[in-house]
Amino acid sequence: MTWNSTMSSGYSSLEEDSEEYFFTARTSFFRKPSGKVTVNKDVEKERELRTEFSRDEIRQRIEQYNMLTKDHLKMTLNPTGVYTGFIKVQMDLRRPVTVRAGQRGAGGGRVEEAFYLPRGVINTLHISSNNTVKQVIAALLNKFTVADNPAKYALYKRYRREEQVYVCKLADGEQPLFLRLVAGPDGDTLGFVLREQQIGEVMWDAFSIPELRNFLRILEKEESEQKVALQRRYDAYRQRLQEALQELRGPS
């Protein structure tokens, strides 16, 4: 795996059971309602579940994909049958991450710091059809020198169907480039998002003692800031009340 990246573009190079959710205007996550689906949807679902294509099918799809792409991020079919291409992943991390600093500590080990990565950053990765979701997650964390266990994170696919946006967690063994090829180059049709595991799925044993201490320091700092802001707010209210009472009483 090799990397050639910038923070602005996020370009990088890297040589089935899942829950579905949908968005509404009022809320963020709801489970997809159960119920009967039409025959057309069943056919579409069956087509999505295909995980293999013949060499000719892959070649035809790559040719069609390259004709439709507008950002020059084309796919290439190698003589071995493995194809390479690009995927874009949006970073949507809500919790702080532990990052390896450049300097070493007194004991000779790398100093680790915790901070929030900017949300919404788009990273473009060059991968092959053999690369799995697990490898893509590890590559993204490596780009930002994140020291956290990759098992704390999950890659989601976000796709649109019938004017509804769905978000579905991908299994570790799935191949994102295959999904990109099947969906085509349109980012609205299919996108990838890196998030933390859902609260009920967090592997707390994967956190190290320094990580937990860093999180506690961040929480204590946020708590202190909230206390100061709250104190100022009530001090301002108290002053206004005192001024109002003074006006009602009039000059003594």
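Visitor: The charged end of Lys143 sits over which ring?
Guide: This is a predicted model in which local features need pLDDT of at least 70, side-chain atom pairs count only at pLDDT 80 or more, and totals for chains, interfaces and linings use all residues. Residues are numbered from 1 along each chain as its sequence is written, and side-chain values use heavy atoms, with hydrogens and water left out. A charge sits over a ring if NZ of Lys or CZ of Arg is within 6 Å of the ring centre and within 35 degrees of the ring normal. At 4.3 Å from the ring centre, the charged end of Lys143 sits over Phe144.

Visitor: How is the pair of Tyr159 and Tyr166 classed?
Guide: Rings of Phe, Tyr and Trp (its six-membered ring) pair if their centres lie within 6.5 Å; planes under 30 degrees apart count as stacked, over 60 as edge-to-face and the rest as tilted. The centres of Tyr159 and Tyr166 are 5.5 Å apart and their planes lie at 15 degrees, so the pair is stacked.

Visitor: Are Tyr159 and Tyr166 buried or exposed?
Guide: Buried means under 20% relative accessible area, exposed over 50%, and partly exposed in between (1.4 Å probe, protein chains only). Both Tyr159 and Tyr166 are buried.

Visitor: What kind of aromatic pair do Tyr234 and Tyr237 form?
Guide: Tyr234, at 46% relative accessibility, is partly exposed, and Tyr237 is partly exposed at 36%. Their rings lie 6.0 Å centre to centre with 85 degrees between the planes, and the pair is edge-to-face.
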